[in-house]
Amino acid sequence: MDEHVIDLTVISAVVFDTDGVVTDTARGHAAAWKHVFDAFLRGRSEPFDVRDDYLRHVDGRPRLDGIRTFLAARGITVPEGSPADEPGAPTVHGLGLAKDRSFLEQVGKYGVAAFPPTVALLHELRRRGARTAAVSASLHGRRLVTSAGVMHLFDLMVDGNDAALMNLPGTPDPALFLEAARRLDLPAAGIAVVASALPAVEAGGKGGFGTVVAVGAKAGDTAGDTAADTAGDAAGDAAGDAAGDAAGDAAGGLVVVGDLSELGVRGRVLPLRG
């Protein structure tokens with residue numbers, strides 16, 4: 001699909017991945033990962049790279065899966081541990097708890113912002129009769145979307161709490177997006193998925209969704225202000241290079257945009273007749 005457009009004559013709903021698409025949290029996540037991994041890796045391996053390591057191993061994955069994937073890439077094995085571990089303990093759960101604590105500290109200090117182009121797109125979709133849903137692998141998904149002041153723009157949300165309750169695997173498995181489709185009571189082929197993390201883009205393709213929109217988030221701040229600022233730009237570069245393969249199974253096609261301000265909407269969803 002060459003046009004940067006969602007065609008509402010064939011698409012009835014749009015499901016948005018949350019991090020990096022709805023909420024501007026990518027830099028906070030990357031900074032938290034670096035803080036935790038660098039402390040753990042000291043004397044074991046090279047520091048965590050917020051560009052390559054973040055995008056390749058943890059972006060878009062459930063927190064514990066990201067830890068397992070990253071450590072495996074470094075050839076490091078640690079015990080699984082349990083949710084009762086101390087934050088920062090050298091276990092999968094301990095590192096996950098430390099990352100969660102670090103990220104929430106940043107959220108508490110700086111708050112959560114929604115991307116203005118996403119908010120504008122959500123308003124336009126709903127004005128034209130499309131339904132909308134949010135998906136997040138995070139246990140804090142609802143809190144983050146609510147803090148950003150945009151929960152009212154979604155008909156429903158599927159987050160990490162739902163995944164844990166229903167034992168749904170994280171991306172690149174499409175289970176979370178398919179659960180959103182089930183709750184919308186629509187076939188995947190009639191739904192568009194909007195995502196920035198490559199595992200989520202891949203999930204949209206695997207799930208047979210009608211359109212997959214791969215977004216390369218633009219940080220907007222001066223490059224290099226913090227180490228984590230590169231994560232947003234890197235996502236855009238990676239999406240342009242790899243999204244085609246990741247979403248190759250999408251029923252209707254792939255749209256790659258640098259920013260959602262580049263994405264148009266055509267047509268409208270007509271109400272069902274009785």
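**Pocket lining, sheet packing and local features**

Helix α4 makes the greatest contribution to the lining of the largest pocket, supplying 6 residues. The model described here is predicted. The volume of this largest pocket is about 800 Å³. Its lining comprises 36 residues, of which P62, R63, L64, A137 and S138 lie closest to the pocket centre. Besides α4 (92-110), the helices α1 (26-41), α2 (52-58), α3 (63-73) and α7 (160-166) each provide at least two lining residues. Sorted by class, the lining of the largest pocket contains 17 nonpolar, 10 polar and 9 charged residues.

The strands were examined next. An open sheet is built from 6 strands in the order β4-β3-β2-β5-β6-β7, and the pairing is parallel. At the edges stand β4 (156-158) and β7 (254-257), each of which pairs on one side only. On average, and with direction ignored, neighbouring strands of this sheet are turned by 20 degrees against each other. In the present sheet, β2 (residues 13-17) and β5 (residues 191-195) are paired in the parallel sense over 4 bridges. Within this pair, F16 is placed opposite V194 of β5.

Two helices that pack on the sheet are described here. Helix α8 (residues 175-184) touches β2, β3 (131-135), β4 and β5, and its direction makes about 150 degrees with that of β4. Helix α9 (residues 198-206) also packs on the sheet, where it touches β2, β5 and β6 (211-215). The direction of α9 makes about 170 degrees with that of β6.

Charged pairs were considered separately. The structure contains 16 salt bridges. One of these joins R266 to D7, with the closest N and O atoms 3.3 Å apart. R266 belongs to strand β8 (residues 264-266) and D7 to strand β1 (residues 5-7), so this pair ties together parts of the chain separated by 259 residues in sequence.

Some backbone features fall in loops. The loop between α7 and α8 includes N167, and P172 lies in that loop as well. For N167, phi is near 60 degrees, a positive value in a residue other than glycine. The peptide bond leading from T171 to P172 is cis, and its omega is near 15 degrees.

The loop between α3 and α4 holds D85. When neighbours within four places in sequence are left aside, D85 is in contact with E80, T91, H93, G94 and L97. The C-alpha atoms of D85 and L95 are 9.1 Å apart in space, with the two residues 10 apart in sequence.

Methods:
Residues numbered from 1 in each chain as written. Predicted model: local features only at pLDDT ≥ 70, side-chain atom pairs only at ≥ 80, totals over all residues. Heavy atoms only, no water. Pairing = 2+ DSSP bridges. Axes fitted to C-alpha atoms, helices over the stretch in contact; angles between N-to-C directions. Contact = heavy atoms within 4.5 Å. 1 Å grid on protein atoms, 1.4 Å probe; cavity = no way out; pocket = protein on both sides within 12 Å on 5 of 7 lines; lining within 4 Å. Points joined across faces, edges and corners; volume = space filled by probe spheres on them. Nonpolar A, V, L, I, M, F, W, Y, C, P; charged D, E, K, R; others polar. Salt bridge = Lys/Arg side-chain N within 4 Å of Asp/Glu carboxyl O.
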